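Open the model in your viewer and get ready to select residues by chain and number. We will take it one stop at a time.

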Amino acid sequence: MADNGLLESVLRLVEKVDGGTDSQDVAADLGVDHQVIVGAVKSLQALGEVISAEQKSSRHWELTGEGREIAEQGSHEARVFNAIPDEGLPQNQLMKMPSGKVGFSKAMSNKWIRLDKAHEGGPRVFKTVEAIEDTVRDKLQLVQKGQSAKLEDKEKNELKKLQCYWTVKSYWITKGSSFSTTITKQETELTPEMIASGSWKEKKFKPYNFEAMGVAPDCGHLHPLMKVRTQFRQIFLEMGFTEMPTNNFIESSFWNFDSLFQPQQHPARDQHDTFFISDPALAHEFPQDYLERVKKVHSEGGYGSQGYKYDWKIEEAQKNLLRTHTTAVSARMLYKLAQQKFTPVKYFSIDRVFRNETLDATHLAEFHQIEGVVADYGLTLGNLMGILHQFFTKLGITKLRFKPAYNPYTEPSMEVFSYHEGLKKWVEVGNSGVFRPEMLLPMGLPEGVSVIAWGLSLERPTMIKYGINNIRELVGHKVNLQMVYDSPICRLDS
Amino acid sequence: MPTVSVKRDLLFEALGQKYTDEEFDELCFEFGLELDEITSEKEILIREQGGEKAEGASDVVLYKIDVPANRYDLLCLEGLVRGLQVFKEKLEAPRYKRVSPADGGEPQRLVITEETASVRPHAVAAVLRNITFTQERYESFIELQEKLHQNICRKRTLVAIGTHDLDTISGPFTYTAKPPGEIRFKPLSQSREYTAAELMSLYKTDSHLRHYLHIIENEPLYPIIYDSNGIVLSMPPIINGDHSKISLNTKNIFIECTATDLTKAKITLDMVVTMFSVYCDEPFTVEEAEVVYPDGRLSVYPELAYRTETLSGDFINKRVGINESAESIAQLLTRMCLRSEVSGEGDLIQVEIPPTRADVIHACDIMEDAAIAYGFNNIVRSTPRTYTVANQCSEEDIADKLRKNITETRAVHISNPKTADFQVARTSLLPGLLKTIAANRKMPLPLKLFEISDVVLKDETKDVGARNNRRLCAVYYNKSPGFEVIHGLLDRVMQLLDVKPGRNQGYHIQAAEDSTFFPGRCAEIFSCGKSIGHLGVLHPDVISRFELTMPCSAIDIDIEPFL
């Protein structure tokens, strides 16, 4: 902060003029740098309505480094001229001067000098006139003094290289409503002493700057993915869904594929699509009678199905893998359910799955799958659509439509599309279907029970919600912590 | 999902109607297809190889249509048009018929020898008589085989198709297997004869064929088909012979499919003949061929089997959630190429599944087709009355998880990792947090990060031999190590979990050695007398290995005992 002496000097100057004064003039009058006056103006503003200051900017011509040099030492051509004695100077010697090259050609075209190429001992330069007038220097000196207004535009143009515009921000200072030429010190904060003594009544308080940001609280920040996950969990819980235990990333092909009636030659079971485990390579324990029923329905059919009619191999089912979907967990849960007296269930899970996919801005080899499953007698395709409608309404998505699709373990299968108001088109938001009888009946679920299910990824809605374009900024160690610090709470329905 | 590329104008001509892109997109959506892209050969070339290469390429509009992976009957223009025309009730689904050779002639015969058993034991065959190709039909015929090869044939591993100009060869044909050195013929688009061994090395650099070599490469015998004069028809699943190659002028086609999966071979053959018999003089008829197995069994192909399923209108109504009469359901199904009739007994419907619809294997598939024809988006959306009480996940079997010393556990290894960074499933959360700090070094200090997540450990007691373990890991990264900060975090976490400080029932820490931590700055954490993890100041070597420069303290604990 500027000292009170300076502040009061400024105030006295302001007092003298009606209608205000420019901070640059104040600087000139007080003989201090303009920036010091700018500081003083800010200090005075902080004192309340002592002055009012309006920022304005004005353009000035200023000299460049070269321009300043010319203003002081003369133009290049003048320096060349002055360097030549009456008996002339060898050209090569002249060219060695700092101004040599530019000055020589300029002086030549001004006809101040001449070159005698035939001179013995090499080309020599002679003066042709007695004295010269260095107009370039004169003009630049005008600019330097701030009197560039005296120059014509044409002249300014000629000197373009040697000067430049300079924008100066200054203040137009006028008296404020509580103008005074003396400075009273303002209190910054109310203290216990002031309250006790009542001295606050006489004090002036420095106004707060309500434009400034507050102090950031010392707090933790949750990752956006976790925030969105919490919201989805909340929605499922509100709808009466029970969370499935999904803490088994390593799964056998049996539960991941075979139990879902996904044939062993299915492309998803390829090395290109799935990560297999080399250690422990094989699962060693299966419910034996259920396994036999799965084998039969694949290889021969049954339960009203033709089956896939191929040679089902236990070796293929034993292969361990990183689960490719949480539906493997749903299969385990439904099998477990089938081993007891049937009661209707609604299950959900949100957890990691792994796929050997081509990595790009929106795909990683692992992501979170959100899955909902309902098992009850007599569920219809209309029920599945109804429940999807409720689920997505809670996400703030109300316009839905359904496209027939194919999935090895659901029939019917439907892709869920929602109308995107921004893109003005229908975009896929999830997948759904009714589990096939070939999956449910071998588990031992009663004949009339239908199981409807749907799934979507957690990353996609999170990226849309938080405007993230590259999944690597969201997931993995390349996450941008600033984004984590700054991202707001997640409200999916707004 | 396979993508079929068709010329738009050709498609509309065949459909007998012009659509706008939007209208056609809508029709696709309703039918379960997806109009993926509208483009042209020129556009594709420009995108893939730059403008110069595209000079003079065709700018005929192409529709790229995504077809469900189980609908092999929609993989070519002919099939798509047939499916859509029947769906729009502009055409009745044709009946495909297997016929004997005209004039009482002998059917073509393919004899399988026992040598094939070890490499590719199955084969089926059929004949298309008096077919008329045009340039477009011919291209579509080739393209369909390629699409089938990529999909149902699983890149020729399960089935390989060979098509031959029957007038250039004479049966009976022999499907056998021979050592590669003994096979010698002129393959398609080559100018001279090669031995099979030479061909395998020739095709090593062929961008298309090299992907199929592995199927037989290491077999002692290669599959091979000869005609009665010893002319090679094909060496499945790699290449056909040049002698019998088909052309625009071919009238009679001999089709063979060799396979490791007989069911898929039959379906593949049915697809090829049902799709292209439309261009035979007598449309939708296919001439039979006999296949003789090594044991003398004789089968006649193509099967072109029609199967009838009986189901009730009530079943469809109840599963879909609609209320339609049996008659109208039969009509819906007929629109999906499943010719259906009300049987007269109650609301029973007789549904005939044609050979083109191998995807229909259960009543639920029929139910789906009824729903598609009804229109998914016409179905009333209703809430199921399923009463349930929600529960959050609590892991019940905590006791048996409390057991083993963490340090004894071994990592689970991935056999086909994507990158060197992902060869094992993680056993600790710490490296992830340290890498995150390394990637965020520009952020103001201190950096305080935590993660609560699963790691994977080997565990013999589990059916798959591994289990997840829920961990909490936190790091404090600043100019001073901040052990007290991390220690304070432990105290706070324990306070929230209602575990009191103490040696027996509570938690305590005691000095320990761990190579991750700086000597003398590491403690083991015990809860109820059992070790649950460590906390301490990280070893400078660890800090530098993660390209970090500041001191760092960390805590890493198993939180399953508290769940």
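A polar contact is a pair of N or O atoms within 3.5 Å; within protein, one must be able to donate a hydrogen and the other to accept it. Keep in mind that this model is predicted.

**Stop 1: where the chains meet.** Show chains A and B together. Between them, 43 residue pairs are in polar contact, with both residues at pLDDT 80 or more. Strand β22 of chain B, residues 447-458, gives the most to the side touching chain A: 9 residues. By class, that side of chain B has 33 nonpolar, 21 polar and 25 charged residues.

**Stop 2: a salt bridge.** Select B:D365 and A:R436. Their side chains meet in a salt bridge, 2.7 Å from N to O. The count between the two chains is 8 salt bridges.

**Stop 3: the buried area.** Chains A and B bury about 6,900 Å² between them, and carbon and sulfur atoms give 54% of this. Now select B:F29, B:R381 and B:D463. In chain B, these lose the most area to chain A, together 10% of what that side buries.

Stop 4: A:D279 has B:H413 as its bridge partner.

**Stop 5: inside chain B.** Select strand β16, residues 289-292. Which way do its residues point? B:A289 and B:V291 point one way, B:E290 and B:V292 the other, and all are buried. Strand β5 of chain B runs parallel to β16(B), joined by 4 bridges. Strand β17 of chain B runs antiparallel to β16(B), also through 4 bridges. Finish at B:G296, in the turn of the β16(B)-β17(B) hairpin, with a positive phi of about 95°.

Terms used:
Residues are numbered from 1 along each chain as its sequence is written. Chains are lettered from A and ligands numbered from 1 in the order in which they are written. This is a predicted model: local features need pLDDT of at least 70, side-chain atom pairs count only at pLDDT 80 or more; totals for chains, interfaces and linings use all residues. Side-chain values use heavy atoms; hydrogens and water are left out. Buried means under 20% relative accessible area, exposed over 50%, partly exposed in between (1.4 Å probe, protein chains only). Helices (H or I, at least four residues) and strands (E, at least two) are DSSP runs, numbered from the N terminus. Two strands pair if DSSP finds at least two bridges between them. Buried area is the accessible area (1.4 Å probe) that two parts lose on being put together, summed over both. A salt bridge is a side-chain nitrogen of Lys or Arg within 4 Å of a carboxyl oxygen of Asp or Glu. A polar contact is a pair of N or O atoms within 3.5 Å; within protein, one must be able to donate a hydrogen and the other to accept it, and residues adjacent in sequence count only if both atoms are side-chain atoms. Ala, Val, Leu, Ile, Met, Phe, Trp, Tyr, Cys and Pro count as nonpolar, Asp, Glu, Lys and Arg as charged, and the others, Gly among them, as polar.
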